[in-house]
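Subject: Structure handover

Hello,

Please find the structure below. My notes on it follow.

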Amino acid sequence: MRKNNFPEEFLWGGATAANQCEGAWNEDGKGMSVADCSNYKPKADPKDYKAQHGITAADIEKAMKTDDVMQYPKRHGIDFYHHYKEDLDLFAEMGFKVLRVSIAWTRIFPNGIEDQPNEKGLTFYESLFSEMKKRGIEPLVTLHHYEMPLYLVNHYDGWYQRPVTDLFVKYCKVVFKRYKNLVKYWLTFNEIDSVFRHPFTTIGVVTDRYPKEKQEEIIYQALHHQFVGSALATKYLHEIIPDAKMGCMVTRTLTYPENCNPKNCLLALKDNRNNYFYSDVQVFGEYPVFIKNYWKKENIHIHMEPGDEEIIKCYTVDFVSFSYYMSMVSSIDAAKKEKVNGNLSQGVKNPFLDITEWNWQVDPTGLHYALIDMYDRYRRPLFIVENGLGSKDVLQPDGSIIDDDRIDYFRQHTQAIADAIDDGIDIMGYTPWGCIDMVSMSTCQMSKRYGFIYVDLDDENRGTYNRSRKKSFYWYKKVIASNGDDL
Ligand code: BGP
């Protein structure tokens, strides 16, 4: 058995999000959220990155009028809302030290604007966090994971309008006060950099309501409001729970140059810098020069209230968390090259890497690279809060699932983390994504599975919702028990 150097306090666990697992979309006073209205929208033009999840105003109108959970699969999720105790038992059996969950804003403030929070929503999360603590599992809570009240989309144009920042901060203060004895680790916005990939689910902006030439500016404006919201949430967290830690959360899309042609290297440098923009603001507390320069050149004007820049400067995050699924390649000849077109990733194919069934390029060495690079840049503790392999698991006649490909994937990525720790990188923990199968974010399908735990439910919503242990369940249990030595 190889001896790795994971620290004793390393937080092993898994990650989930309310909108993909809870279900119970209209129970106990919950309001309708953007997730309850989103369905998979195939891209009309594969080259148009922004068309993914290009929800239109007409789609929302239609979604609001139907109760059909099959058409909107996130509405039923895996019914975690009613199964959470049994799921926590399984996580505890694997030895989880931490579980990443998100709070559905719409359970606390159904429309986002009420004077008083919804007590039933608050009680649900109180019970969830208490049950975790009873099992020795530390909650890691995302405040905003692709879920916001639909009311705010229809009445404020989502995060484009400033009042949404205040409403978000109000919601944050309520949950900080209520859970101050239960939750120490918090994250502000899940993959805040996704605003251009799928604006509806991230900032509640329905792009077709605006002229094409204004859309980019509107997205940056909404993003500014989120940055201010993130800084204020950090401020109030530290005031209300002084020993709590706040993290930002970004998608790390590490990009390599196609080769050592200096032009490709320069392009990759710029692509990586664009990816870093979002965490730069939340860690350094200011907009980078290159973004201000870009806005100037593109004639993009961002309205900032007096004091905004100071707020962003003063209340930066305590740690940096990120999802890591794949790496990318930059090439000045991209148009002429072979491509990989996954549902979220697109780009030049890297001949040295395997791809998943959904065309995501698998690159464990890239995780090691990304950890070194991020730590050199930020010098703050890092937390890998998403990583994993989406695949179509095959049920054996005896009901078991032999997911050796997933075990391989995790073995290599866990080793990459161990190697980065060996290089002196400060890593707080590792929470593989979708530790229990749930509805896929981008495809809205159940058949894209990530879990150590299988959930009996198919794309047509047929199934018993029964949970069962995959082969990877036993593998991960052994890894945690040996603190990362026995891979
Ligand atoms: C991240 C999201 C998650 C999640 C994961 C896997 O971008 O934060 O919510 O679902 O990707 O993506 P998918 O479910 O589309 O395969």
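Which residue in β14 is the bridge partner of Trp 12? The partner is Tyr 430. Before the rest, some background. The model is predicted, and local features need pLDDT of at least 70, side-chain atom pairs count only at pLDDT 80 or more, and totals for chains, interfaces and linings use all residues. Residues are numbered from 1 along each chain as its sequence is written.

Barrel

Helices (H or I, at least four residues) and strands (E, at least two) are DSSP runs, numbered from the N terminus. Two strands pair if DSSP finds at least two bridges between them. In general, strands of a sheet pair through backbone hydrogen bonds, either parallel or antiparallel.

Here 8 strands close into a barrel, in the order β1-β2-β3-β4-β5-β7-β13-β14, with parallel pairing. On average, neighbouring strands of this sheet are turned by 30 degrees against each other, direction ignored. Strand β14 (residues 427-430) pairs with β13 (residues 382-386) in the parallel sense over 3 bridges. Among the bridge partners, Phe 383 has Gly 429, and Ile 384 has Tyr 430. Strand β1 (residues 11-15) also pairs with β14 in the parallel sense, over 2 bridges.

Helix pairs

Axes are lines fitted to C-alpha atoms, for helices over the stretch in contact, and angles run from 0 to 180 degrees between N-to-C directions. The axes of α14 (residues 404-422) and α15 (residues 471-481) come within 8 Å and cross at roughly 25 degrees. The two helices, α14 and α15, are therefore roughly parallel to each other (angles under 35 degrees count as roughly parallel, over 145 as roughly antiparallel, 65 to 115 as roughly perpendicular and the rest as oblique). From α14, Asp 404, Arg 406, Ile 407, Phe 410 and Thr 414 make the contact, and from α15, Lys 471, Ser 472, Trp 475, Tyr 476 and Val 479 (C-beta atoms, placed from the backbone, within 7 Å).

For α3 (residues 80-94) and α5 (residues 119-134), the axes come within 10 Å and cross at roughly 20 degrees. Hence α3 and α5 are also roughly parallel to each other. Tyr 84, Lys 85 and Leu 88 in α3 meet Leu 128, Glu 131 and Met 132 in α5.

Ligand

The ligand is surrounded by 13 residues, the closest being Glu 191, Gly 390, Ser 440, Met 441 and Ser 442 (a residue is near if its C-beta atom, placed from the backbone, lies within 6 Å). This shell divides into 3 nonpolar, 7 polar and 3 charged residues (Ala, Val, Leu, Ile, Met, Phe, Trp, Tyr, Cys and Pro count as nonpolar, Asp, Glu, Lys and Arg as charged, and the others, Gly among them, as polar).

Regards

How values were computed. Two residues are in contact if their C-beta atoms, placed from the backbone, lie within 7 Å.
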